[in-house]
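Let's take a walk through this structure together. Have the sequence and the 3D view ready as you read.

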Amino acid sequence: MANENEVSIQREMAKLRGEFHNKLISELREFVAYANLPDQEICRKDTLKKLYDASHRLAGSALTFGYSDSGALLRRLESSLDGILNQGAEIDVIALRKQLNVLAPAVAIPEEIDKDLDAQGSKPEEAKKVQPRAENLLLYVLEDDPTTSNLLKIGLSSFGYYVTTFTSIATLCESAKKDRPDGLIVDIERNNIAEQTLANTTRCLRENGMGSLPILVVSQHDSFAEKLEAARNSVVAFHSKPVDIPALESTLEFVLQPLAKSPYRVLLVDDDVYSMEHHRLMLDKWGIMAHALSDPSKILDLIEEFQPDLMIFDLHMPSCTGVELAEVVRFHTHWIHIPIIFLSSERNEGRQISAMMTSGDDFILKPVVEESFVATIISRAQRARQLAELMTRDSLTGLLKHTEIKERLGHEYARAGRNNSIVSVAMLDIDKFKRVNDSYGHQTGDVVIATLAHLLRRGLRTTDIIGRYGGEEYLVVLPDTDAKNAAIKLNALRKEFEKVKFRHNADEFNCSFSGGICQSDQVNNVDEFVDQADQALYRAKERGRNQIVESDDTD
Amino acid sequence: MRRLQRIVHVEDDDSIRAVAKVALERVGNFTLLSCASGAEALEKTEQFAPDMILLDVMMPGLDGPTTLKKLKEAMDLTEVAIVFMTAKVQSTEIEYYKSIGACNVVLKPFDVMTLSEQLGQYWTEFNGE
């Protein structure tokens, strides 16, 4: 086909895509509007039918235009409605509302935007990703060096990823048509001349509809120039060879586990309840959980309880100014990572405040413009969450660090006391770990540690809290769970763990862990709580390891 | 073998119709009749005398299979290649569409640049190659 013709076709497509984008946004808004209807309205058969037809139609066109995220969400909605309308499934209004609510226009992110020849520099801000498959993510590795390729396959498989390796981009793209991966790892110094440069590789991936997937690069080199090249090609992570598998795994965890897993939490403080409610609703519409507070003096307890990702203070309040309030909050250094944004209606004041701002992070003028207001909040909240994660998480396992897990345990213990509920704590330790390190080296030891972390995270509930307590020691907090049930759960994970085969060169070996559990109503304070779990762990080790012991089992 | 030239596309979503128009007219250089519903197709197909009919499966009102049935009652389709378009991928369904007279199925979402080529292949198969 003549090149000119191709360009004009691409132009036409770009135009259609632009038109469709607007249509998609307005239709997504309509879906969200349905979520606000009263129960009996939503459950009416003609409403459901209407939604069913609409979701089917829009899913089809969204996918045709490369909007894979909204397309997938619409398909899910379509299939739930199909269940209700055609297969006699019961209506779960709450679930249905949720499915409608996630269709906020924020999910309208095209994956092929770069393909538009005339869309210069119009990349969407930070594409907010919708959650991929929760576990067993599929990774494609593009690598023609068999040693590295094997290392990646074996190493990442032991972390629970499905890994498929490819030596050429053509076979990779072919396979992606059948089974779309969740992420890509690309060696940029492959031998094939034709696809040598990173720009060529990423362009090829985009052309095959994989433009929105996170691309991680491994490289022989570690120079600034290489990294710049990677950044220019929208690569999300850069690792130099030889690849450090645990480090790569924690990067993967970071880029693949969506940060928008739970909605962003924003604390609004404003004495003018009308203006505050206006802002709250605006954020709410975009899926941001906003809490409104009109009395600044209550803020400290509220931060503790609500755990916001970001705070917005009005500058002018009768009891104290926004700046003063920010100073007070900043006395608490462990909240230092939470961004504070000021709101004011006076333009000049904004300049002055921005110039001398030490406690705040940004300044927004009232009346706010919805789209840019929400965009600012989302991008700041996202960044803040990333930083908070890095601050509180252990880099090898992605679990909470020692001080953080102890603090969380304290919270949960206190909460159980207040609510008259029960929380259990478990102390786990990998058996004979020193021997692993001595015989196979620290790198293999790290794989074992990270594997157990991965297993725990996957096997426990999202409400359970997991921390790396020491070298090969883990602390798990299980709210609303007694010791007996905690033991059942951990025993199941123990059996799973002992089956995992680890490899070092030609050797294969297995590991196990022991655990001690204590439940909160058997102790008087949090120190005793940990201590009892620790003693139970000690007994588990004494009794021959690879077992879980409850603290009241003292025979 | 006759050349594939005239195609009827039946699809309720106007965005997808517009994309298919680019794919078939601009990329494939085919002569296209675009219909927004099964009813419209029933009205216009016979006069258009197509080589191929591309039918969306799920449409409000007359769905793809029903439209096909009615078209068959109204005119002779033995020389016309019937292709369904669907997002569903189970092989049993594809078999079903074939059993009611389709020669093949295009999976949605389709690729603008390669749709014509794909239909070309189906056309060759239809003509017994």
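**A sheet, a loop and a contact**

Start in chain A, where five strands make an open, mixed sheet in the order β12-β13-β11-β16-β17. Strands here, like helices, are DSSP runs numbered from the N terminus (E, at least two residues, for strands; H or I, at least four, for helices), and two strands pair if DSSP finds at least two bridges between them. β12 (465-468) and β17 (548-550) of chain A each have a single partner strand, so they stand at the edges with one side left without a neighbour in the sheet.

This is a predicted model: local features need pLDDT of at least 70, side-chain atom pairs count only at pLDDT 80 or more, and totals for chains, interfaces and linings use all residues. Residues are numbered from 1 along each chain as its sequence is written, while chains are lettered from A and ligands numbered from 1 in the order in which they are written.

Back in the sheet, β11 (423-430) and β13 (473-479) of chain A are antiparallel partners, joined over seven bridges. Look for A:Ala426, which sits opposite A:Val476 in β13(A).

Now hop to A:Val500, in the loop between α19 (483-499) and β14 (502-504) of chain A. Leaving out residues up to four places away in sequence, A:Val500 touches A:Thr451 and A:Asn510; contact means C-beta atoms, placed from the backbone, within 7 Å.

Finally, how many residues does each chain bring to the contact between A and B? Chain A gives 13 residues and chain B gives 16. On the chain A side, the largest share, seven residues, comes from α3(A).

Methods:
Two residues are in contact if their C-beta atoms, placed from the backbone, lie within 7 Å.
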